[in-house]
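Thanks for coming, everyone. I have one structure to show today.

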Amino acid sequence: MKGSIIILAVFLSGVLLGRFVDMPEVLTADGPTLYALYALMFLVGISLGSDRQALQALKQQNLKIMLVPLATVAGTLAGTSLISFVLDGRSLTDCLAVGSGFGYYSLSSIFITQYKGAELGTIALMSNIMRELLTLLAAPLLVRCFGKLAPIAAGGATTADTTLPIIARYSGKEFTIISVVHGMAVDFSVPFLVTFFCTI
């Protein structure tokens, strides 16, 4: 839990600095964030490559590994379908389009804005950011209550990058490869599902 509080504190500090301090353009551009993510992925790769048990765990999974992203997609779409009955003024397809972002806010919110307008695009952006933050903050609780695959399912498309370190920490290094494969598979589904639900 302490690690989650530190992550939240760092994130909120960044938000406050970005809001109230005139930051240099070099820090606000997309480049530094992308390079930091590359460095993080490189370090996770070194950690994974040096862990023989994690590679052995992947060999044991075979095609069963694809059941995890399929369950994430099915569960998310089922949940957003149920939510659509509670929300006034939002259709089933609107809710499914937002849910189909799976945490990939930079892509899904742009698609939804183009097809459905800025209001739903903003809802998609906030929804997907909340999904990522929930995974980062609640990973220890998710593992304790629902098992080691729970943070992976909760993270959606983010499990191959931003939420990967927290998943490796709380689920274990043997779940790192599953997390990466899951993130890439869910990531791949986003443009197809979002555009499908936006256009029907």
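**A charged network and some aromatic rings**

Start with Arg90, which is partly exposed, at a relative accessible area of 24%. Keep in mind that this is a predicted model.

What does Arg90 pair with? One partner is Asp94, in a salt bridge whose closest N and O atoms are 3.5 Å apart. Another is Glu119, with a salt bridge of 3.1 Å from N to O. Arg90 sits in the loop between α5 (67-84) and α6 (92-99), while Glu119 belongs to helix α8 (residues 118-146), so this pair ties together parts that are 29 residues apart in sequence.

Side chains of opposite charge can pair when their charged atoms come close.

Is Asp94 buried or exposed? Asp94 has a relative accessible area of 9%, and buried means under 20%, so Asp94 is buried. Glu119 reaches 58%, which is over the 50% cut-off, so Glu119 counts as exposed.

Asp94 has a salt bridge with Lys116 as well, with the closest N and O atoms 3.2 Å apart. That pair also links distant parts of the chain: Asp94 is in helix α6, Lys116 is in helix α7 (residues 105-116), and they are 22 residues apart. Lys116 is partly exposed, at 32%. Now put the pairs together. Arg90, Asp94, Lys116 and Glu119 form one network, joined by salt bridges that share partners. The whole structure holds four salt bridges.

Next, the rings. How many aromatic pairs does a search of the whole structure find? It finds two. Phe188 and Phe192 make a tilted one, 5.3 Å centre to centre, with 55° between the planes. Both residues lie in helix α11 (residues 176-199), four residues apart, which is about one turn of the helix. Both are exposed: Phe188 at 58% relative accessibility, Phe192 at 52%.

The other pair is Phe196 and Phe197. Why is it called edge-to-face? The planes stand at 65°, and over 60 counts as edge-to-face, so the pair gets that name. The ring centres are 5.2 Å apart.

Last stop, the surface. Leu16, Leu17, Phe20 and Val21 make a nonpolar patch of about 400 Å². Phe20 is in helix α1 (residues 2-20). Phe20 is exposed, with a relative accessible area of 63%.

That's my tour. Questions, please.

Technical notes
Residues are numbered from 1 along each chain as its sequence is written. This is a predicted model: local features need pLDDT of at least 70, side-chain atom pairs count only at pLDDT 80 or more; totals for chains, interfaces and linings use all residues. Side-chain values use heavy atoms; hydrogens and water are left out. Patches are made of residues with over 30% relative accessible area and no salt bridge: like charges are joined within 9 Å, nonpolar side chains (Val, Leu, Ile, Met, Phe, Trp, Tyr) within 5 Å. Accessible areas come from the Shrake-Rupley method with a 1.4 Å probe; for residues, only the protein chains shown count as cover. A salt bridge is a side-chain nitrogen of Lys or Arg within 4 Å of a carboxyl oxygen of Asp or Glu. Helices (H or I, at least four residues) and strands (E, at least two) are DSSP runs, numbered from the N terminus. Buried means under 20% relative accessible area, exposed over 50%, partly exposed in between (1.4 Å probe, protein chains only). Rings of Phe, Tyr and Trp (its six-membered ring) pair if their centres lie within 6.5 Å; planes under 30 degrees apart count as stacked, over 60 as edge-to-face and the rest as tilted.
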